[in-house]
Amino acid sequence: MNKLIKWGLPVVGLGVLAAGWWLGLAWAPPDREMGDVQRIMYVHVPLQWMAMLAMFLNFVAAVAYLVRSNASWKLDSTAESAAEVGLVLGALGMVTGAIWGRPTWGVYWSWDPRLTSEAIMLVTYTGYLVLRRFVEDPDKRATWSAVVAILGAINLPIVWFSVRWWRSLHQVQSSPKTVDPQMVLCLRVSAIGLLLLTIALLMHRYRIAMAERQAEVALPEALPGNSPAASVRDTPKVA
Amino acid sequence: MSTSRPRPIGLIGATLALLRKDLLIEWRTRARLNAIVFFALATLLMFSFALGPDTRLLEKNAGGYFWLAILFASVLAMGESFRVESENACLDGIRLAPADPRAIYLSKALGNALLLIALGIVLLPVMVALYGVKVVTGFVDLGTVLLLGSLALSAPGTVYAAISSNARARDVLLPLLLFPLVIPALLSLAKATSLVLQGDPMNQLGSWLGLLLGFNLIYWGVGFVLFPRIIED
């Protein structure tokens, strides 16, 4: 059963995703104003949704790790895998968004609240992952990175709000849109495919993280981070 | 402090005692204040070189440069504030005293904020001279912005300084964690300072100060709650 999920889920996810993208590219009607450029939506929007989902999972796992008195490594590993998968998805979402933005808006980048918050989100979780690499003690790493994850997640709505306020002095962007049912179907199929693929990636990354935790607890000296040079540098300079 | 006390002092007492200790250390060496003042002065100078000799441009963006200089200096100051404690395992000693970990947070964050306020007071006349700005809406507004801004930078900064002071590559880690977090504060500080320096015809200053106040409330609250988990062992 376990093996079936491990190998079946990515295959099914890729299949559904391919079907959704094929429908989006070949079957759905082109957008009236944007034409074929709009078809990147079937890639871009599911990526953003899954990135949000993964970051939310990271936040929940971080809160749960700090709140529970006997928190296990499972929560920490969940948080780590969610942040890493979410960062990849979010970065891809941002790149596809920029590719869409160039022919549509005329620029790759605009300082609107959504784009700015997303950029800050990517930097925040890059910092989160860097912190995890730089702390050797697994207990401290889990607690500290949970604190950083919570502070970073709280920050995103504040950023969104403040940038909107800041921008509102210059321009207001609005895009009312009515979406064709064929487009909705393509978007849904792509989103479900990517959701399955995201779950598969999360589970895979989670297994790696758990294996790392086990190795760290069993053989703390054998890890590459604890090379002799590193441990000399880390010891406080006390005679 | 001569008589032995049967019970530990309260949160505010412990905070004040620790703050007094930190300020005393700072006063006796003045190393941190000297370092960050000259660092921030150099930064202000560098901005004018980076922009070229156009004084109007400098004057227009002075609020943003002022807070960027303070932000860069604050990274040095806050990183140093926990380095003092990691020598000779002082932090463990304070916790065994026993001091409430939340009092350690409050004292460190308040101490850092005081340092940044002092830095801002020193930088202001320099900015007036270098960038040709003048305070239009009054010194009370400017003081409020400086107070709220220093508190806003030090609340999350102190949490992250405590984390990064114990990690490898701490000098890289603190700015990497802190910069994305303080963007809302930096944005409203630059805006509010520009309004103070160039006049506020549309009465926008209040809303930016409100945003800063909200930012402060959130991060002082979250830092107060989460800090004990950071320094526990």
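A crossing of two helices is left-handed if the near helix is turned anticlockwise from the far one by less than a right angle, and right-handed if clockwise.

**View 1. The right-handed crossing of α1(B) and α6(B).** This is a predicted model, in which local features need pLDDT of at least 70 and side-chain atom pairs count only at pLDDT 80 or more, whereas totals for chains, interfaces and linings use all residues. Residues are numbered from 1 along each chain as its sequence is written, and chains are lettered from A in the order in which they are written. The axes (lines fitted to C-alpha atoms over the stretch in contact) of helix α1 (residues 11-29) of chain B and α6(B) come within 8 Å and cross at roughly 45°. Residues in contact (C-beta atoms, placed from the backbone, within 7 Å) include B:Leu18 of α1(B) and B:Leu110 of α6(B).

**View 2. The side of chain A that touches chain B.** Here 26 residues of chain A are in contact with 25 residues of chain B. On chain A, α4 (113-134), α5 (138-167) and α7 (228-234) each supply at least two residues of this side, and α5(A) gives the most, with 13 residues.

**View 3. Surroundings of A:Val148.** Not counting residues up to four places away in sequence, A:Val148 touches A:Tyr128 and A:Leu131, and also B:Ile163 and B:Leu177 of the other chain.

Technical notes:
Contact = placed C-beta atoms within 7 Å. Helix = DSSP H or I, 4+ residues; strand = E, 2+ residues; numbered from the N terminus. Axes fitted to C-alpha atoms, helices over the stretch in contact; angles between N-to-C directions.
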